[in-house]
Amino acid sequence: MPVTGAWAALRVRDIRMYMIGLTLSLFGDSIFLVVAGIWVKDLTGSDGAAGMVNFCIWAPSLIGPVFALLADRMPRRRLLVITNLGAAVALLPLLAVDRPGLVWIIFAVMTVYGIAYALIGAAEPALMSTLVPEEHLGGYNSARLTLSEGFKLLGPAAGAAIFAVWGGPTVAVIDAVTFLAAGSALLLMTFREPPLTANARKSWGRELRAGIDRIVTFVPLRRLVVASAIVFGFGGLLTSYSYAVVEYGLARPPEFVGVVVTAQGLGSVLGGLVAPWLMRRRGEVGLVGTGMLVAAAGCLLTALPPALWSILLGAGLRGFGLPWLLIGTTTLIQRTTPHEAQGRTSSAAFTASFIPSTLAIPIGAVLVEFIHYRVLFAIAVVGMAAAAGHALRSRHDVPPAANADASGAKANADQHEE
């Protein structure tokens, strides 16, 4: 499968329009998500209450297949327009929050935010599979992830600064404007989205199972999902160990975790840029398996006798390789899954991949009191390497162009190329 550079898809006008809206929306997300927690902490003084903001955001993803079914039952562009505009309106009640008694509004809005995330996460990959030519899918997915990770490096600091000077309502308004920009960009696109086929409308039960059935029956995708669940599960276990690495490995204060996280974020940005080049040579399965091996190498460096260079480089390598799991899996689903089932398949794949991570976080919080960080990182090396081997078993089993919609997507994109 030919995969061009990460920005080659921008030659297509409609893709440029979407990327402009997406860039603004990602900026709004990056500044607001950190501010929501700070805002709750500022109003209540409670760390637990601030932490519940993240729960509100991610809780809707637990029923992600339900939202994915909606994404497969209606035109994806229309759904994305409604979702972005609806999210902009949902942020407006935050303008009234000025005392602890109204903090429930923040929780309610963040739950709606989480629903919007779930809908966008299901609809966007399916929409892009019809808009982006197949040879550019890997490049688009890489560019999107690179943008997202890049804003994570800069947005939180900007959001905190705006909050400190002008307060939470100002940040909410900025985020609402970026949602409006994303919705407007979608409205300005002119491509023709393929209609859903008649057999897409079955019983709700059968439709909800469609994504799971696709994963179970398509062996390469099933192996990627299982392997990714193992790797992200170890990532969840290691979450609490970040503080142990800093305290016991480097003898630094907890604030130094921010430096380690930044190193990992920089690795993610670079990894997103390199992904299309590697996918051209090794395919989606090869990209995912290699990313797991790179992440394992990062864990190995952290398991060595502690040194600043090894811990920062280890974090950078984990950040460098882990995005390849998302890029490769997303591209494989887009290329090989029927158009009418892509939302459910994407949602089922990523829900299955990330549930172990979510469940592993509290387990890691307990283990960190009993198992030294170097031991668990060494165990993670073995687990991630084994997962990579499982994924790579299918590196020769993926067809070069199995998605029947790919040719239509290319013709549709070429029509609007400038």
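**A loop residue and the overall picture**

Ala251 sits in the loop that runs between α10 (241–249) and α11 (257–303). Helices (H or I, at least four residues) and strands (E, at least two) are DSSP runs, numbered from the N terminus. The model is predicted: local features need pLDDT of at least 70 and side-chain atom pairs count only at pLDDT 80 or more, while totals for chains, interfaces and linings use all residues. Residues are numbered from 1 along each chain as its sequence is written, and side-chain values use heavy atoms, with hydrogens and water left out.

**Ala251**

- The phi of Ala251 is near 55°, a positive value in a residue other than glycine.
- Most residues other than glycine have a negative phi.
- Ala251 counts as exposed because its relative accessibility is 65%; exposed means over 50% relative accessible area, buried under 20%, and partly exposed in between (1.4 Å probe, protein chains only).

**Chain as a whole**

- The chain contains 15 helices and zero strands.
- Of its 418 residues, 54% count as buried.
- Where contacts (heavy atoms within 4.5 Å) join residues at least 6 apart in sequence, 87% of them link residues at least 24 apart.

- Helix α9 (residues 219–237) has 19 residues and reaches 27 Å from its first C-alpha to its last, close to the 27 Å expected at 1.5 Å a residue; the expected span is 1.5 Å times one less than the number of residues.
- The rest of the structure largely encloses α9, because 14 of its 19 residues are buried.
- In helix α12 (residues 308–336), the end C-alpha atoms are 43 Å apart, which agrees with the 42 Å that its 29 residues should span.
- Helix α12 is mostly covered, with 21 of its 29 residues buried.

- Glu124 lies in helix α5 and is buried, with a relative accessible area of 5%.
- Not counting residues up to four places away in sequence, Glu124 touches Tyr18, Leu22, Leu80, Tyr140 and Arg144.
- Gly159 belongs to helix α6 (residues 137–166) and counts as buried, at 0% relative accessibility.
- Ile31, Val35 and Val171 are in contact with Gly159, leaving aside its neighbours within four places in sequence.
- The C-alpha atoms of Gly159 and Thr170 are separated by 9.9 Å, and the two residues are 11 residues apart along the chain.

**Cavity**

- The structure holds one cavity of 30 Å³ or more; on a 1 Å grid over the protein atoms alone, a cavity is a set of points where a 1.4 Å probe fits but cannot get out, and lining residues have an atom within 4 Å of a point.
- The largest cavity has a volume of about 30 Å³, taken as the space filled by probe spheres set on the points, which are joined across faces, edges and corners.
- Its lining consists of Ala87, Ala90, Leu91, Val109, Val112 and Tyr113.
- Helices α4 (76–90) and α5 (103–131) each supply at least two lining residues, and α5 gives the most, with three.
- By class, the lining has six nonpolar, no polar and no charged residues (Ala, Val, Leu, Ile, Met, Phe, Trp, Tyr, Cys and Pro count as nonpolar, Asp, Glu, Lys and Arg as charged, and the others, Gly among them, as polar).

**Cysteines**

- A search of the whole structure finds zero disulfides, a disulfide being a pair of cysteine sulfur atoms within 2.5 Å.
- Cys56 is buried at a relative accessible area of 9%, and Cys299 is buried at 0%.

Definitions and conventions:
On a 1 Å grid over the protein atoms alone, a cavity is a set of points where a 1.4 Å probe fits but cannot get out, and a pocket is an open set with protein on both sides within 12 Å along at least five of seven lines; lining residues have an atom within 4 Å of a point.
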